[in-house]
Amino acid sequence: MRKADRHDILFLQFFAVTSLVLWHAAPHQFENLPQWFDFYVAKFYIGVPLFFFVAGYLWIAGEKKYLNEKTTIILKKKIKRILFPYLFLGTIVFLPKAILNSYTYNPVKPSILGFLSSFLYPATNSVRFLWFLPCLFVLFIIALLFLRHGMNKQTLTLSYGIAILLFLITECFPVKFEQDPLCVITALNNLHFFILGMLAYRYSHYLAMRRVSIWILIVFHLVLFSRLFFPVQGIVLDLLNWAFYTLFIIVIYGLSTKAGKKLMRLSLAYDVGLYSYPIFIFSWFVLVGLRVVLYDRFELSQIMMNGAILLSFIAGLLLPLLLAKYLDQKLPRALRPLVGL
């Protein structure tokens, strides 16, 4: 059985996975989605950036362990933890999806070349939202090569500045998501979230100061209102989005240090945070199944659409959670990495 006593991290993981499951709770291609859902998707979705932040935070939290281990050992652990589920799930889903191509939103190429390219280009994978895993692996490679021995405040601040520059470059010269090998460009575009997690760990005592928290909240709300009410485009929009997501994550992090322990006393919230990784992996199967049953077969009214989203959200969290807890008890240890355990 798993155990964890970092309630702040569990809170962040709980917030991230619930945000992600809600985002996937309905097909975005539909035109009659509720306004609140469209608003959430366009303005308040924070799942993936928060996962990157947590990954960076945990990386630096394990600083002593990583400094004392060989690079090859760390690399093997990350391959086992991140790439094994990506390869395993992408493989078992590929053939059924190729057979049912005409019923899917993102069809795959039913060939050996299509199978291999689905792993090289994660946005074309049979389980599309698993693109996050190779992207995260690339971030860990960057951390392992360039940040492992430079995790003091000064070096991290400089690295964050470089990451922001990489973000601007990748925004100005975008590569199509489906043509991004192993999501390397996407990783460079999101590196600043990963390093932000490391900075939050280093400056946690400053962020906990009341005066600093108040200023962060004030600036966050100014950026929030600007993003909601002032239409902008191009690089200005990119910068506004960067400011919004960065401040939003810091606000959530501040909540985690204050409210995390109280919320994580609830057994359900604790379990969702603890099993957030396998929930993220298994939720695809539940949400796709419900998408076929609910959205593709019926013409839903607004009331029914709201009910379908709520049902998909609850099932997308609870069924993967129950499966993850069961497998955590029953699955042999050697097989657990295949499903994110």
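These notebook entries record what I looked up in the structure above.

**Ground rules.** I am working with a predicted model, in which local features need pLDDT of at least 70 and side-chain atom pairs count only at pLDDT 80 or more, while totals for chains, interfaces and linings use all residues. Residues are numbered from 1 along each chain as its sequence is written, and side-chain values use heavy atoms, with hydrogens and water left out.

**Entry: the loop between α8 and α9.** I looked up Leu 182, which sits in the loop between α8 (153–172) and α9 (184–202); helices here are DSSP runs of H or I with at least four residues, numbered from the N terminus. Its phi is near 55°, a positive value in a residue other than glycine. Cys 183 belongs to the loop between α8 and α9 too, and its phi, near 60°, is again positive in a residue other than glycine.

**Entry: helix α11.** I found Trp 215 in helix α11, residues 210–229, and Trp 215 is exposed because its relative accessible area is 56%.

**Entry: after α15.** Arg 333 lies in the segment after α15 (302–330), and with a relative accessible area of 67% Arg 333 is exposed. From C-alpha to C-alpha, I read 32 Å between Arg 333 and Leu 191, which are 142 residues apart in sequence.

Terms used: Helix = DSSP H or I, 4+ residues; strand = E, 2+ residues; numbered from the N terminus. Buried < 20%, exposed > 50% of the residue type's maximum accessible area, 1.4 Å probe, protein only.
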